[in-house]
Amino acid sequence: MKKILILTFAAFCLAAAACEDDDKTSPTTISFDKDDKNKQNQGSDTDSTGTNTPDVNTDTTQVNTDTTQVNTDTTQVDPNQGQTVLDDTKFLKDYINRAAHPIFKFSGALDVGEFHNNNNGVRDTVSAHFDEIVAGNAMKYGSVVGGDGSMNFSRVKQFCSDAQAAGLTIYGHTLAWHSQQQPGYLLGLMAGKEVVDPNAEPVLIKDLEQTYSNMSSYTMWHGEFQNADYNVDYDVSISNGLLHCKNNKEAADFYRVQYFVADNIPTKTGGNYDVTLKIKGSQAGTITFVMGGWSKTFNTKFDITEEMSEVTIHVDNLVEGGGHAMLQSGDFVGDIWVESIVISHLGNETIVPLTAEEKRDTLKWAMDHWIQGMMEATNGFVTAWDAVNEALTGGDSDGDGICDLQNYENNNISDPSNVSSGVFYWQAFMGDLEYVRTVVASARKHFKGNPDDLKLFINDYNLESDWDDNWKVKSLVEWVKRWEADGVTKIDGLGTQMHISCYENAQLQKSAEDHIVKMFQIMANSGKLVRVSELDMGYVRGNNKWAGSLKTSQVTEAEHKKMADFYKFIIKKYFEIVPPAQQYGFCQWCLTDAPSYSGWRGGEPVGIWTEGFKKRKEVYRGFAEGLAEIE
Ligand SMILES: [Ca+2]
């Protein structure tokens, strides 16, 4: 019985994981960010050609399939539960010496729906052990802005009130990024503008051309095909490349048989149009053509013959534009075939492409509009933000010695409209400097709290890279100088994601540790706030750095201890190297180990707790000792 349940839930959760919606009734999930690449993927960042691994848009939902383990009991957060700890009366955040680290925040990333529902006791656990939380996905552009540009901040507002009630602060992730965007909407904004020249000779402009040969089936709106009350019995289909209406009996009214032949026509109210149908019937007859919206339509009767022929209908002073075209033929018994419909008008307007400057200004408006919405929704409660996420590549194609910013070219994308789902490089249109400056300026302009409290970060991955001696974090520091060179832009902090691995091989491990130390030194020397933003760790056995990480079930007790000690090392070095005034804090990205089907580090031992917060891991001890600064 239990096995069947597990399989059923696994299948459901995999389907649920593919969508963004954190359905309040969905099974228990712990969801993580999509913006992250594991070490293995990041290897090609070292490519000297400057080409980078395109962002792997991994869905990182963790799902607990075992419903018997759901536990909302507050004993979930009993610090006595679990393995070795320093002091069983303390939660993790209690180990921090607040006098020595007055601004340090210990935080964790989670799914806002899980948090709201306290699934597996996540809200209780997190509010006991952490100072601050981060939404894995809910505060990203693509989670709020729809395909039509409309914005829905209801989940963001709920998250703020939930966090406030739990006594936690929120770190905002992320105002700007290139993944999980709405490229269709944004490219549409830049599609061009209509210019009317009153002196130009009018020309024939085609508004719509619809043929049915490329339709596999008829899916447009239609009346009921069989309805005794309406006295109708007909069908509409696509057959042999033609739209085909077969009406078996005369209806009580001609309009009882009705079906669209075109929809979403870009017509305008008051416009004059020529509609040309290529049409024939099983016999000659008269049917009705309708065009417009639902409330106000133009309609006229017209004749068809047994020969496929063009019939042109003049539509003068259209009473409602932007609607549909349909045929009504309840009074015609037999077959009607339509090959095509063309709608056109005489006009003197042309669509002029936007200039580069106009495109940039359009996107500056779109970015400002989005950030204004987010700042109003969070209403000053969220004071620290990833202003820009993952701006940099790991390569240098312009030869200036520092890593370039991400764009279409260095991700091998030739057509911005033909990208993997949700990718949009704002900076490709706004410029490398203007992109970040706009985000920072809009955030400061619209922030609702005390301006001095607002902290804006630039967040990126691979800053601990040993293969290029921390080139990316060095580049990031240079980029911050460039962005701030206008004397207006001020960036408060740097975030380092740190999706890392612990290595069995001593040399590999030493190199990883050395370059984490170097990274902290470079970040500290920048004078900016330093935040570890998305920390999680896998384990690699053997001598090949890129060999892939172990699954949780493979990890030995000794390896768990080694990982715990590595976490402890990282926290210890951070406290040693980064001055207290710059110690913004740490965020653990994976609170629990990842189930095998998770898109982010699936099956890896990446958590502080086991799946579903069932048990503390050795890593918990590592965090406790690190935060307590115990040798
Ligand atoms: Ca460069």
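Modeller: A residue counts as buried here if 20 or more other C-beta atoms lie within 10 Å of its own, and as exposed if there are 12 or fewer. The model is predicted. The helix to look at is H12, residues 506-525. H12 has 20 residues and reaches 28 Å from its first C-alpha to its last, close to the 28 Å expected at 1.5 Å a residue.

The buried residues of H12 are Ala 512, Ile 516, Met 519, Phe 520 and Met 523. They cover an arc of only 95° around the axis, which puts them on the same side of H12. On the face turned away from the buried side, H12 carries the exposed residues Ala 506, Gln 507, Lys 510 and Asn 525.

The axes of H11 and H12 come within 10 Å and cross at roughly 5°. Angles under 35 degrees count as roughly parallel, and H11 and H12 are therefore roughly parallel to each other. In this contact, Val 473, Lys 474 and Val 477 in H11 meet Met 519, Ile 522 and Met 523 in H12. By class, five of the residues in the contact are nonpolar, none is polar and one is charged.

After H12 comes Gly 527, with a positive phi near 80°.

Technical notes
Residues numbered from 1 in each chain as written. Predicted model: local features only at pLDDT ≥ 70, side-chain atom pairs only at ≥ 80, totals over all residues. Helix = DSSP H or I, 4+ residues; strand = E, 2+ residues; numbered from the N terminus. Expected span 1.5 Å × (residues − 1). Arc of directions from axis to C-beta. Axes fitted to C-alpha atoms, helices over the stretch in contact; angles between N-to-C directions. Parallel < 35°, antiparallel > 145°, perpendicular 65-115°, else oblique. Contact = placed C-beta atoms within 7 Å. Nonpolar A, V, L, I, M, F, W, Y, C, P; charged D, E, K, R; others polar.
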